[in-house]
Amino acid sequence: MGTRIQSHQLKSGLVVSGLPGQQQKEKQPTMASRAVPYIGGDIKKSGELGKMFDIPAAVDPPKQPPSRASTSSSGSMRNSSSGPMRNSSSGPMRNTSGPLNVALPTGLFTSGPLGSGPLGSGLQKRSGQLDNSAVGSGTGSASSKAIYGSAVTSLADDVKVGLRVSRPVVWVVMVVVVMGLLVGAFLMVAVKKAVILVAVGAVLVPLFVGLIWNCAWGRRGLLGFVRRYPDTELRGAIDGQYVKVTGVVTCGSIPLESSYQSISRCVYVSSELYEYKGLGGKSAHAKHCFFSWGLRHSEKFVADFYISDFQSGLRALVKAGYGAKVAPFVKPATVVDIKKENKDMSPGFLRWLADRNLSSDDRVMRLKEGYIKEGSTISVMGVVRRHDNVLMIVPPQEPVSTGCQWFRCLLPSYVEGLVLTCDDNQNADVVPV
């Protein structure tokens, strides 16, 4: 017979094996656990791994018992921590062992000071904003070149107005002219009659005169086309329609300021420095002719702005910033006329030149500035876009052609981008906004 397993009953009524009062022995772990020291990536502290590569193990320096001076100083530090030291410990002393955590205006915590790293640099130079240290002033005591971000469009070159004539027509005219000259020259040599050559010349002279006329009056013809173009009511404009809107302008999120006169709250500013070249003068650029004014330096900026339609009263956002193509037709006014005699009488102009690294050595110069101030009346030509109940005027994708103007003997001319026109007198009829 097998042995009977002893058991007993607990107070709760549960029957368990074993005698009452017998304690179970604790089980020993099958594997010995050992604390692995943290080496911090240093192979010298890895023990056996360092011996495999014949690297001597690092020996910790012996710990010296704390001196009485350090003990007393630490004690005084603990005793004084309840006073002013506790208040100062909540400042820079708490973050001496790690990076400084800074709360940005957006609520995001980052390590390091506010100006460090790519995020901090982005906060210091916001896109499109004017740097405080780069606010241009002309006649004031301080002047520096304005530096804008990508939200402001910089117009380096002047408005280009080209002639739009199809290439087949140009080639046909050139072939007819060459054939006429060859036939006229042959007949004049063989028959000794210049009738054909005179006839060909009578055809070529009007062609050359018409070409010169279009090159000289092409810009004025384009401005006349813009003035005669009918205004469009924004209320009835459809998406994708090319319109001309005339109204009062207001600044967008980034107002501009003229560099010399410091005219604030502008949507478009320009500064142009011209130099006169005499018989032995210096050239402003490579194509500068004698006895003429040449453009030496130019600054033109335009940003997004709003225009309120006169007819419907609606306000539209004109997308002129962020590198958009813009063709401003704003006549600048002369603000400084410098000669050799009065060069030293304008310290503001000399400061303006120094900020742009331009020399002022015995040159006849003229500074012109143009601007479109907030409250001015202008005309804008562009394409209507409607997006989420937002009415916008954007640059057209294709160049705008004026068509043939037969009464003015002008060929079709074209211009790219938004067309901005303003009255010559910019200070008159400014509506306060």
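These are my notebook entries on what I looked up in this predicted model.

**Ground rules**

I number residues from 1 along each chain as its sequence is written, and side-chain values use heavy atoms, with hydrogens and water left out. Because the model is predicted, local features need pLDDT of at least 70 and side-chain atom pairs count only at pLDDT 80 or more, while totals for chains, interfaces and linings use all residues.

**Entry 1: the whole protein**

I began with the secondary structure. The protein has seven helices and 19 strands. Helices (H or I, at least four residues) and strands (E, at least two) are DSSP runs, numbered from the N terminus. Next I checked burial. Of the 433 residues, 32% are buried. Buried means under 20% relative accessible area, exposed means over 50%, and partly exposed lies in between (1.4 Å probe, protein chains only). The accessible surface is about 29,200 Å², and 59% of that belongs to carbon and sulfur atoms. Such areas come from the Shrake-Rupley method with a 1.4 Å probe; for residues, only the protein chains shown count as cover. I also looked at contacts (heavy atoms within 4.5 Å). Among those between residues at least 6 apart in sequence, 64% join residues at least 24 apart.

**Entry 2: strand S19**

I asked how many residues of S19 are buried. Five of its five residues are, so to speak, under cover in strand S19 (residues 418–422). Leu418, Leu420 and Cys422 point one way, and Val419 and Thr421 point the other way. I then looked up the partners; two strands pair if DSSP finds at least two bridges between them. Strand S12 (residues 326–329) runs parallel to S19, with four bridges. There, Pro328 has Leu420 as its bridge partner. Strand S15 (residues 377–387) runs antiparallel to S19, also with four bridges. Met381 is bridged to Val419 in S19.

**Entry 3: a three-stranded sheet**

I found an open sheet with the order S6-S18-S17 and antiparallel pairing. Its edge strands are S6 (162–163) and S17 (400–401), and each pairs on one side only. Two bridges join S6 to strand S18 (residues 413–415). In one of these places, Leu163 has Ser413 as its bridge partner.

Most residues other than glycine have a negative phi. Ser262 has a positive phi of about 60° and is not a glycine. Arg265 has a positive phi of about 55° and is not a glycine either. Ser262 sits in the loop between strand S7 (242–251) and S8, and Arg265 is in the loop between S7 and S8 too. Ser262 is partly exposed at 26% relative accessibility, and Arg265 is partly exposed at 38%. Ile263 is also in the loop between S7 and S8. Beyond its neighbours within four places in sequence, Ile263 has contacts including Tyr371 and Lys373.

**Entry 4: salt bridges**

I searched the whole structure and found eleven salt bridges. A salt bridge is a side-chain nitrogen of Lys or Arg within 4 Å of a carboxyl oxygen of Asp or Glu. One of them joins Asp239 and Arg385 (4.0 Å, N to O). Asp239 lies in the loop between H6 and S7 and Arg385 in S15, so the pair ties together parts 146 residues apart in sequence. Another joins Arg363 and Glu275 (2.9 Å, N to O). Arg363 is in the loop between helix H7 (347–355) and strand S14 (365–373) and Glu275 is in S8, so this pair ties together parts 88 residues apart in sequence. Are Arg363 and Glu275 buried or exposed? Both are buried. Together with Arg296, they are linked in a network of salt bridges.

**Entry 5: a nonpolar patch**

Tyr276, Leu279, Phe290, Phe291 and Trp293 make a nonpolar patch of about 560 Å². Patches are made of residues with over 30% relative accessible area and no salt bridge: like charges are joined within 9 Å, nonpolar side chains (Val, Leu, Ile, Met, Phe, Trp, Tyr) within 5 Å. Tyr276 is in strand S8 (residues 266–277). Tyr276 is partly exposed, at 33% relative accessible area.
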